[in-house]
Amino acid sequence: MREWKAMRGISKVYRQSRKARISRPTAALAVAGLALATVSACGSGSANTGAALSAPVNPFGATASPMPSSASGGNCNVNASSVSPSTQVANQSDVNAIKKRGYLIVGVAADQYLTGYLASGDVEEGFDIDLAHAIAKSLLGNADAVHFVVVSTAARITDLQDENHPLDMVIDTMTITCERLAEVDFSAVYYDAQQRLLVEKGSGYTSLADLGGKNVCAQTGSTSIAEIQQADTNPKPRAIQVTDITDCLALLEENQVSAISTDDTILAGLAQQDPSLEVVGPRLAAEPYGVAMPLGETDLEAYVNGVLAQYEADGGWTASYDHWFEPSLGAGSPPLAQYSD
């Protein structure tokens, strides 16, 4: 039996915790050990299998509604949309508010193995989690001074905007797009992901062109949906939307979808959980990840960019990448920093 199937019971706890956080904002940081987790120091996580979620009861109740195109579009530059680091922001209002509170509140995933997932003891681990620790270490002098709140892909922006659900930032494999830049601010790019496909070995599928008329799974609110819908084939693949990426994994195993399409980082984690699967196909779209913050908090944005620059320069980024991704994705290096000013 595939390893992830043994952990389906965790999905109930995860979904209950998310509902509790939404219905009781004041309890957002103490729900079932999932919405609030103070975790180990940066880079110390072990590669344990993450929390995998069961498939939705009615996965084909609706296919995905049209989504805007992936990274660029419009007149913005998604790779240089953020302000440059500044030493002048360390004592400004948004940064000071976090210092006064004494801990950082970060929205993260709980089911994305290698990037952000719940390991043993309901401890968050992954590449994105390491970055959150690095920011907490710089800002508060303590890598453990970070509280993690589980957010869904579809609700990341609304949760970040909602004053009843206080989040300082979201670090959750979140692609910077022109559309999203109108709603939230982003840091400089901290990882250049690429959208690809995950299929059963021996399926013969190597690209979206091979999947015309087939069901392809992606998360609601993700940029992956647009790429599926815009595939250059007739008929086009059907984009099946789910809340959590491990729901896609369940649907693929049960032959209800023919492929999963999302970022290579996430696909690598799914493939590690199930060795009968493989990542295939050409790069479908650029997926530049940024740390999302409330719109207008430019002092926090500048501070985070300073942390990123230091994190990349002192080897922290490389150490985290090598731990989580190098075995599956090969050697990697930090993206070249670009700023809007």
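User: What percentage of the residues in the protein is buried?

Analyst: The model is a predicted one, and it holds 11 helices and 13 strands. The accessible surface comes to about 13100 Å², with 49% of that area belonging to carbon and sulfur atoms. Across the 341 residues of the protein, the buried share is 53%.

User: Among contacts with a separation of 6 or more, what share comes from residues 24 or more positions apart?

Analyst: The count takes contacts in the protein whose partners have a separation of 6 or more, and asks how many of them join residues 24 or more positions apart. That share is 78%.

User: How many residues apart in sequence are the parts that Cys-76 and Cys-178 tie together?

Analyst: The whole structure contains 2 disulfides, and in one of them the sulfur atoms of Cys-76 and Cys-178 are 1.9 Å apart. The angle about this S-S bond is -95°, which makes the link left-handed. Because Cys-76 lies in the loop between helix H1 (9–23) and helix H2 (93–101), while Cys-178 belongs to helix H5 (residues 178–181), the parts tied together are separated in sequence by 102 residues.

User: Which elements does the disulfide of Cys-217 and Cys-248 tie together?

Analyst: The sulfur atoms of Cys-217 and Cys-248 are 2.1 Å apart, and the link is left-handed, with -80° about the S-S bond. Cys-217 is buried at a relative accessible area of 0%, and Cys-248 is likewise buried at 0%.

User: Which element gives the most residues to the largest nonpolar core?

Analyst: This core has 41 residues, and those touching the most other members are Leu-104, Val-106, Met-169, Ile-171, Tyr-190 and Tyr-191. Elements that give two or more residues to the core include strand E1 (104–108), strand E5 (146–150) and helix H9 (298–313). Leaving aside residues up to four places away in sequence, Val-106 touches several residues, among them Ala-132, Phe-148, Met-169 and Ile-171. With 8 residues, the element that gives the most to this core is H3.

User: How many of the 10 residues in helix H8 are buried?

Analyst: Helix H8 spans residues 264–273 and is mostly covered, with Ile-266, Leu-267 and Leu-270 among its buried residues. The buried residues of H8 pack against several elements, including strand E8 (191–200), helix H7 (245–253) and strand E12 (277–289). Of the 10 residues in H8, the number buried is 9.

User: How far apart in space are Trp-324 and Glu-125, C-alpha to C-alpha?

Analyst: Trp-324 is found in helix H10 and is buried, with a relative accessible area of 1%. Trp-324 and Glu-125 are 199 residues apart in sequence, and their C-alpha to C-alpha distance in space is 9.8 Å.

Methods: Residues are numbered from 1 along each chain as its sequence is written. This is a predicted model: local features need pLDDT of at least 70, side-chain atom pairs count only at pLDDT 80 or more; totals for chains, interfaces and linings use all residues. Side-chain values use heavy atoms; hydrogens and water are left out. Buried means under 20% relative accessible area, exposed over 50%, partly exposed in between (1.4 Å probe, protein chains only). Helices (H or I, at least four residues) and strands (E, at least two) are DSSP runs, numbered from the N terminus. Contact means heavy atoms within 4.5 Å. A disulfide is a pair of cysteine sulfur atoms within 2.5 Å. A nonpolar core is a set of buried Ala, Val, Leu, Ile, Met, Phe, Trp, Tyr and Cys residues joined through side-chain atoms within 4.5 Å. Accessible areas come from the Shrake-Rupley method with a 1.4 Å probe; for residues, only the protein chains shown count as cover.
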